[in-house]
Amino acid sequence: MADGSLVGSSSLAGKVSEEEWKARVDLAALYRLVALNGWDDMIYTHISARIPGPEHHFLINPYGMFFGEMTASDLVKIDLDGKILQETPYFINPAGFTIHSAIHAAREDAHFVMHLHSDQGVAVAAQSEGLLPLSQHALIVLPRLAYHDYEGIALNHDERERLVADLGDKTLMLLRNHGTLSVGSTAADCWAGMFMLERACKQQVMALSAGRDKVLIAPQASQDEVRAQVSRGIGGFLAWPGCLRRLDRESPGYDA
């Protein structure tokens, strides 16, 4: 459109494979949930999903659309180089796929990748000590948490190799001076990890308002116990149906 606004896309329900449609609905749900929690950054940051199959095709948001208005049919199908593979009125931000393409290519379990710029996540990512063992949420997160130093806006493809190396086999990451990241084999896993990380960051910001010398670090024995407990999983998939019911109540239409 002449004014730069986005136009609505026609529904893809029944026009793509069942596997692709499910990935679209799950990914649109993640976008809406981020918006409902106030973790979005207008049109910036991204959540991506791998479409099941050998082709290594992916879904990502159309550039210019807010997270709270995302639908399954709006999502854009691309390849690992960010090339659009469908007829669509939208375009994507190729630079925005730099982080996501690196992780999708390197990790077979990375079916969903979420990157955010939330206030609390950026605040903790900018603290030299990173995430501290101050809360139960933090103790759940810490065994799965990696760090990546800030190199500037993610436009340099050379950064991908370093980011993947820093992530290793972890599923959560603090991007220093930048934000948060979650990797999941399912939308539920990706969401549960990000929810815990974001909640832990918010709790740390609130706790440190009393000053660093006033906070209580969890005992090492407790940290070790939680590490052993979370190795068996945190049951994020059990919360996912409730998340979808919340969307049906508060942000319907994501599955269109």
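# Exercises on a predicted model

In this predicted model, 67% of the contacts in the protein chain between residues at least 6 apart in sequence join residues at least 24 apart.

**Exercise 1.** Describe the secondary structure of the protein chain and judge its radius of gyration against the globule rule.

*Solution.* 
- Step 1. The chain has eight helices and seven strands.
- Step 2. Its radius of gyration is 18 Å, and the globule rule gives 18 Å for 256 residues; the two values are close, so the chain is as compact as a globular protein of that length.
- Step 3. The C-alpha trace spans about 55 × 40 × 40 Å along the principal axes of the chain.

**Exercise 2.** State what share of the residues is buried, what the accessible surface of the chain amounts to, and how far apart the mean positions of the charges lie.

*Solution.* 
- Step 1. The buried share is 47% of the 256 residues.
- Step 2. The accessible surface is about 12200 Å², and carbon and sulfur atoms account for 53% of that area.
- Step 3. The chain carries 22 positive and 32 negative charges, whose mean positions lie 5 Å apart.

**Exercise 3.** Classify the ring pairs of Trp39 with Trp191 and with Phe195, and work out which parts of the chain they tie together.

*Solution.* 
- Step 1. Two values are needed, since a pair of aromatic rings is described by the distance of the centres and the angle of the planes.
- Step 2. The whole structure contains six aromatic pairs. One of them joins Trp39 and Trp191, with 5.4 Å between the centres and 35 degrees between the planes. Angles under 30 degrees count as stacked and those over 60 as edge-to-face, so the pair at 35 degrees is tilted.
- Step 3. Trp39 sits in the loop between α1 (18–36) and β1 (46–50), and Trp191 in helix α6 (residues 187–207); the pair therefore ties together parts that are 152 residues apart in sequence. Trp39 and Trp191 are both buried.
- Step 4. The pair of Trp39 and Phe195 is also tilted, at 6.4 Å centre to centre and 50 degrees between the planes. Because Trp39 is in the loop between α1 and β1 and Phe195 in helix α6, this pair ties together parts 156 residues apart in sequence.
- Step 5. Trp39 has a relative accessible area of 10% and is buried, while Phe195, at 25%, is partly exposed.
- Step 6. Through these ring pairs, Trp39, Trp191 and Phe195 form a cluster.

**Exercise 4.** Where is Val124 found, is it buried or exposed, and which residues is it in contact with beyond four places in sequence?

*Solution.* 
- Step 1. Val124 belongs to helix α3 (residues 119–125).
- Step 2. Its relative accessible area is 0%; the limit for buried is under 20%, so Val124 is buried.
- Step 3. Leaving aside neighbours within four places in sequence, the contacts of Val124 are Gly130, Leu131, Leu174, Arg176, Cys201, Gln204 and Val205.
- Step 4. Ala218 is 94 residues from Val124 in sequence, and their C-alpha atoms are 18 Å apart.

Key. Residues are numbered from 1 along each chain as its sequence is written. This is a predicted model: local features need pLDDT of at least 70, side-chain atom pairs count only at pLDDT 80 or more; totals for chains, interfaces and linings use all residues. Side-chain values use heavy atoms; hydrogens and water are left out. Helices (H or I, at least four residues) and strands (E, at least two) are DSSP runs, numbered from the N terminus. The radius of gyration is taken over C-alpha atoms; the globule rule is 2.2 Å times the number of residues to the power 0.38. Buried means under 20% relative accessible area, exposed over 50%, partly exposed in between (1.4 Å probe, protein chains only). Contact means heavy atoms within 4.5 Å. Accessible areas come from the Shrake-Rupley method with a 1.4 Å probe; for residues, only the protein chains shown count as cover. Lys and Arg count as positive and Asp and Glu as negative; His and the chain ends are not counted. The place of a charge is taken as NZ of Lys, CZ of Arg, CG of Asp or CD of Glu. Rings of Phe, Tyr and Trp (its six-membered ring) pair if their centres lie within 6.5 Å; planes under 30 degrees apart count as stacked, over 60 as edge-to-face and the rest as tilted.
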